[in-house]
Amino acid sequence: MLCLVGGFSIHLFCGCLYLWGNIEGYVVSHFHYGPKGTTGKGDTHVTPKSAAIVLPIMFWFQLPFNGVGAYYGKTQSPKLLITIGSVLMLGSIFLASFVTNCTAFLSLYAVVYPIGIGISYFPAMICGWEYFPERKGFVSGLILCGFGLGAFVFGFISTALANPNNEKPGDDKFFPRDVADNVPKMLQVCVAIWAVLCVISVATVSRDPNLKKMQYLPKSSQDLQQNRDSTLTAQVYNQVEEEPIGIKEGILTWRAAHICALLFFGLFYPLYIASVYKPIADDVLSDSVLTAAGAIGGVCNGTSRLIWATLMDKYG
């Protein structure tokens, strides 16, 4: 059970990928005005409209590294993989809080941070599948529930830190200077909280010791052990009698095309809204109300992952 707690914790941090929709106005305003204490303009090329592309870029770098974490998650220590991912995530955001150049900020926040998410995404789930091989849907849903709830929890925290007085952006969509100056502190406080979540995850996520013991038993003992518990090993990784197909052949199957179509049509609109929900309504709603709206979306995101994944266990 501790493994699931650790998985939920790291995904609570990873899910702050969606936090960009809540903080993009603060960050853009921060670079628009320049560092705190300066009187001149900052980067005049940074606009609220250009910020909408950041979240898709983050997914562009995260998704390939999901495969890296999944591939090595079966053979390498989950603690090592989560530690590497945590260092990349925490280090990139912490360093980003000090930079004064928007390009440097995006290189850290929109590139390195998502790479860390990808590496950390699967190891805890794989370990959970080992402990509960017959409830993979529930395990995946519970852990991924944290991914959806990350924006819910830290949406309120980030807004409270950056915009405690609930100020609205001006007609040019930039927040007042005092809100923009709070961005570095906001990121640094969040990093401190996220570091605690990472420590919890590294401390609690581990492989099933029963599987580890199997590697050192004599073959006759292994056969006996496998007869006693047929759910181990084979069920964990869904081993089948058929020969596995290669990547090229897999991409050309109808099932791959079906999955790609589902992901494309199911994700592009929600991701777009997740990036722009504040700018499109900030002229009629306060910043705190829009933060609450984003938080409700995070709750729906997280709980739906748990519900649908659990139904998969029952109905397949």
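Reader: At the start of α5, what does a side-chain oxygen of N101 reach?

Author: The backbone nitrogen of T103, and the oxygen gets to within 2.9 Å of that atom. Keep in mind that this is a predicted model.

Reader: OK, and how many residues does α5 have, and how far does the helix reach?

Author: Helix α5 covers residues 102-121, so to speak 20 residues, and spans 27 Å from its first C-alpha to its last. That's close to the 28 Å expected at 1.5 Å a residue.

Reader: How many of the residues of α5 are buried?

Author: 14 of the 20 are buried, so α5 is largely enclosed by the rest of the structure.

Reader: Zooming out, how many helices and strands does the protein chain have?

Author: There are 14 helices and 0 strands.

Reader: What share of the protein chain is buried?

Author: Buried residues account for 46% of the 316 residues.

Reader: Switching to charges. How many salt bridges does the structure hold?

Author: The structure holds 4. One of them pairs E130 with R207, with the closest N and O atoms 2.5 Å apart. That pair links distant parts of the chain, 77 residues apart: E130 sits in helix α6 (residues 123-131), while R207 is in the loop between α9 (183-204) and α10 (209-214).

Reader: Are E130 and R207 buried or exposed?

Author: E130 is buried, and R207 is too. K278 and D287 also form a salt bridge, their closest N and O atoms being 2.8 Å apart, and both of those residues are buried.

Reader: What about D181, which residue does it form a salt bridge with?

Author: With R177, and the closest N and O atoms are 3.0 Å apart.

Reader: Why does D181 count as buried?

Author: Because its relative accessibility is 15%, and buried means under 20%. R177 has 23% relative accessibility, so R177 counts as partly exposed.

Reader: Last one: which residues form a nonpolar patch on the surface?

Author: F264, F265, F268, Y269 and Y272 do, with about 630 Å² of accessible area together. To place F264 for you, look in helix α13, residues 254-276.

Note on methods:
Residues numbered from 1 in each chain as written. Predicted model: local features only at pLDDT ≥ 70, side-chain atom pairs only at ≥ 80, totals over all residues. Heavy atoms only, no water. Patch = residues over 30% accessible without salt bridge, like charges linked within 9 Å, V, L, I, M, F, W, Y side chains within 5 Å. Areas by Shrake-Rupley, 256 points an atom, 1.4 Å probe, with all protein chains shown as cover. Salt bridge = Lys/Arg side-chain N within 4 Å of Asp/Glu carboxyl O. Helix = DSSP H or I, 4+ residues; strand = E, 2+ residues; numbered from the N terminus. Buried < 20%, exposed > 50% of the residue type's maximum accessible area, 1.4 Å probe, protein only. Expected span 1.5 Å × (residues − 1). Polar contact = N/O pair within 3.5 Å; in protein donor to acceptor, adjacent residues only side chain to side chain.
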